[in-house]
Amino acid sequence: NEINKIIIGAIIVIANIAWLLPARESLRETVSQSEAEAARSGGMAIENFLENKVASLHLATMLLSSDLGNPRNRSVLDQVVKQGAFTKIILANARGEEIIHIDKFDVVLQSELGSVLGLREFGETLTGKKPVFGSVRISETFEPTITIAVPVSFTEGNVAGVLIGEFNLKSIFAVISEVTVGGRGFAYLVDGTGLLISHPDQSLVLKNPYYTARAIVSRTIQEKHI
């Protein structure tokens, strides 16, 4: 049933992923009770997944030395990459200067450290003093990734820096694949522009299709922007 394929995916996540944390789904009267329950269940599972990522970064900030350049800080962040499924971790001071840059798949030399001053997530976290989600982007390997930035504070009200973590959304596929309706429907994930970023048929994701032509996707995106 095509409506199962569309409604569940659109309800679970119409995203900038950050919408998942403060907002629940707005369900249409035409959606059956079983579809609504599947959507709620899937949405909550994804919210929990993302909240755990934020919690991992928050915990790391609590273990950091106030001397951001302290070698012990790198050891702490190395563990975050190893245990938290992050592919990249950046610790920047309040001026946006990278103090530590760890890439799971590459070696970043001290001489290669740069600036995150122009990064939206950095600026909003620094001024807002709260976690900020970046937009979903498709990497060079055609995989969806997202960044999360959290403030680094050692005294109340003072942000000494920002910790930025990047992770591959492939790790969220398992959560989405468990959402079914009557054994027939399935869930898929799109971002706030309608770009498909997760689907049981991964070959579709690699084509970078936009699903805004689907009425339920377009309508839900518009509602989330209100």
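Biologist: What makes Leu59, Met62 and Leu63 a nonpolar patch on the surface?

Modeller: In this predicted model, Leu59, Met62 and Leu63 together have about 330 Å² of accessible area. A patch is made of residues with over 30% relative accessible area, and nonpolar side chains are joined within 5 Å. Leu63, with a relative accessible area of 43%, passes that cut-off.

Biologist: Why is Leu63 called partly exposed?

Modeller: Buried means under 20% and exposed means over 50%. The value for Leu63 is 43%, which lies in between, so Leu63 is partly exposed. Leu63 is found in helix H2, which covers residues 33–63.

Biologist: What makes a set of residues the largest nonpolar core?

Modeller: Such a core is a set of buried nonpolar residues, for example Leu, Ile and Phe, joined through side-chain atoms within 4.5 Å. The largest one here has 34 residues, and Leu57, Leu77, Ile89, Leu91, Leu163, Phe167 and Ile172 touch the most other members. Elements that give two or more residues to this core include H2, helix H3 (71–84), strand S3 (98–103) and helix H5 (173–177). The most comes from H2, which gives 6 residues. There is also a second, separate core of 8 residues, among them Leu196, Val205, Val217 and Ile221.

Biologist: Which residues is Phe167 in contact with, leaving aside its neighbours within four places in sequence?

Modeller: Contact means heavy atoms within 4.5 Å. By that criterion, the partners of Phe167 include Phe49, Leu50, Lys53, Phe86, Pro144 and Ile148.

Biologist: How do you know that the buried residues of helix H4 line one face of the helix?

Modeller: Helix H4 covers residues 120–128, and its buried residues are Glu121, Phe122 and Thr125. Seen down the axis of H4, these residues fall within an arc of 100°, so they line one face of the helix. They pack against strand S2 (86–93), strand S4 (132–133), strand S6 (144–155) and strand S7 (158–168). Just after H4, Lys129 takes a positive phi of about 55°.

Biologist: How much of the protein is buried, and what share of its contacts joins residues 24 or more positions apart?

Modeller: Of the 226 residues in the protein, 46% are buried, each having under 20% relative accessible area. Among contacts with a separation of 6 or more, 54% are between residues 24 or more positions apart. The secondary structure comes to 7 helices and 11 strands. The accessible surface is about 11200 Å², and 53% of that surface belongs to carbon and sulfur atoms.

Note on methods:
Residues numbered from 1 in each chain as written. Predicted model: local features only at pLDDT ≥ 70, side-chain atom pairs only at ≥ 80, totals over all residues. Heavy atoms only, no water. Buried < 20%, exposed > 50% of the residue type's maximum accessible area, 1.4 Å probe, protein only. Helix = DSSP H or I, 4+ residues; strand = E, 2+ residues; numbered from the N terminus. Arc of directions from axis to C-beta. Patch = residues over 30% accessible without salt bridge, like charges linked within 9 Å, V, L, I, M, F, W, Y side chains within 5 Å. Areas by Shrake-Rupley, 256 points an atom, 1.4 Å probe, with all protein chains shown as cover. Salt bridge = Lys/Arg side-chain N within 4 Å of Asp/Glu carboxyl O.
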